[in-house]
Amino acid sequence: MDSLNTTKTLDVKGLKCPMPIVKAKKALDTMTPGETLAVVATDKGSVLDFQGWSKTNKAARLLDQQSIKTEDGSELYVHIIERQG
């Protein structure tokens, strides 16, 4: 994930939705417009949840989503969100 050029990274591994979104919203509230947040989750449901949440949240724009396979075979879901004005 070093190639992700984001302002801040939020680790929400092990949390089930809606907690990744709740924590992402709290983190975005402390950021300035234009800054980006990488949210690293293990919950597969977070993919659709972040897509839906970003459509209804004026302060967040979903820039990218990635799925990364770890060495132990588990999957990480990375959501890149930009803070809007």
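Two strands are said to pair if DSSP finds at least two bridges between them. Strands (E, at least two residues) and helices (H or I, at least four residues) are DSSP runs, numbered from the N terminus.

## Model and numbering

This is a predicted model, in which local features need pLDDT of at least 70 and side-chain atom pairs count only at pLDDT 80 or more, while totals for chains, interfaces and linings use all residues. Residues are numbered from 1 along each chain as its sequence is written, and side-chain values use heavy atoms, with hydrogens and water left out.

## The sheet

Strands of a sheet pair through backbone hydrogen bonds, either parallel or antiparallel. Here, 4 strands make up an open sheet with mixed pairing, in the order 1-2-4-3. At its edges are strand 1 (8-11) and strand 3 (60-69), each pairing on one side only. On average, neighbouring strands of this sheet are turned by 20° against each other, direction ignored. Axes for such angles are lines fitted to C-alpha atoms, for helices over the stretch in contact, and angles run from 0 to 180 degrees between N-to-C directions.

Strand 3 and strand 4 run antiparallel and are joined by 9 bridges. Ser67 stands opposite Tyr77 in strand 4.

Helix 2 (residues 46-56) lies across strand 2, strand 3 and strand 4. Its direction is at about 170° to strand 3.

## Thr36 in strand 2

Thr36 belongs to strand 2, which covers residues 36-41. The bridge partner of Thr36 in strand 4 is Glu82. Contact means heavy atoms within 4.5 Å. Not counting residues up to four places away in sequence, Thr36 touches Asn5, Thr6, Thr7, Lys8, Met31, Leu63, Ile81 and Glu82.

Thr36 has a relative accessible area of 11% and is therefore buried. Buried means under 20% relative accessible area, exposed over 50%, and partly exposed in between (1.4 Å probe, protein chains only).

## Leu28 in helix 1

Leu28 lies in helix 1, residues 19-29. With a relative accessible area of 3%, Leu28 is buried. Leaving aside residues up to four places away in sequence, Leu28 touches Leu37, Trp53, Ala60, Ile81 and Arg83.

Lys8 is 20 residues from Leu28 along the chain, and the C-alpha atoms of these residues are separated by 9.5 Å.
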